[in-house]
Amino acid sequence: MLEGDLVRLRALEPEDAEKIHGWIHDPEVGRWMTNSHPRSLAQIRKRAEERPVNSYELVVLGIEADGKLIGIIDLRDAEPEIGNAELDVYIGDADYRNGGGYGTEALRLMCRYGFNSMRLHMITLWVVAENERARHVYRKVGFSEDGRHREAFVAADGERHDMILMSMLKGELKS
């Protein structure tokens, strides 16, 4: 468990499935996420029950604030040989997407964990170019924009958007 002033990062539990199900069907949450086919609550529950144990290759944590789950953050595809991993994050609870610093603190906690505990050298992420709110938060914690993948994201309405590759090296995390 990783604790900050606003949030705590903890392992996901099977009973988190109902909240996650609601979030993935929320158009605001799904707007900038890779689209998938609709999933039932039973499918989400089954996935939660069969979730593999967190490991070096994949660490998935729930973001908790005020005693309730508000989002998910992960480091995935970690490669110990080169010390790189890719980060994904979203705040699913609409009450906590208000600029209150919850996502920022979760990012700092997870990146600190990646650099210190996992001994990563670089953390990367992809973000839709039009998602300026997320890009601002990523820059604020120390990520730099490295490149653009043109028209690589397809929104739910079928419109294509550019993706921005961002990265942070060990030592670049901003407090």
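Trainee: Why is E145 called partly exposed in this predicted model?

Mentor: E145 has a relative accessible area of 35%, and since buried means under 20% and exposed over 50%, with partly exposed in between, E145 is therefore classed as partly exposed.

Trainee: What makes the contact of E145 with R135 a salt bridge?

Mentor: The closest N and O atoms of E145 and R135 are 2.9 Å apart, and the criterion asks for a side-chain nitrogen of Lys or Arg within 4 Å of a carboxyl oxygen of Asp or Glu, so the pair qualifies. This pair links distant parts of the chain, with E145 in strand β7 (residues 144-154) and R135 in helix α5, 10 residues apart.

Trainee: Is R135 itself buried or exposed, and how do you know?

Mentor: R135 has a relative accessible area of 11%, and because the limit for buried is under 20%, R135 counts as buried.

Trainee: How do you know that R135 also forms a salt bridge with E132?

Mentor: Their closest N and O atoms are 3.7 Å apart, which is within the 4 Å cut-off, so the term applies. R135 and E132 stand three residues apart in helix α5 (residues 132-141), which means that about one helical turn separates them. E132, at 38% relative accessibility, is partly exposed.

Trainee: What makes R76 and D77 a salt-bridge pair, and why are both called partly exposed?

Mentor: Their side chains meet at 2.7 Å, N to O, within the 4 Å limit; the relative accessible area is 24% for R76 and 46% for D77, and both values lie between 20% and 50%, hence the label.

How values were computed: Residues are numbered from 1 along each chain as its sequence is written. This is a predicted model: local features need pLDDT of at least 70, side-chain atom pairs count only at pLDDT 80 or more; totals for chains, interfaces and linings use all residues. Side-chain values use heavy atoms; hydrogens and water are left out. Buried means under 20% relative accessible area, exposed over 50%, partly exposed in between (1.4 Å probe, protein chains only). Helices (H or I, at least four residues) and strands (E, at least two) are DSSP runs, numbered from the N terminus.
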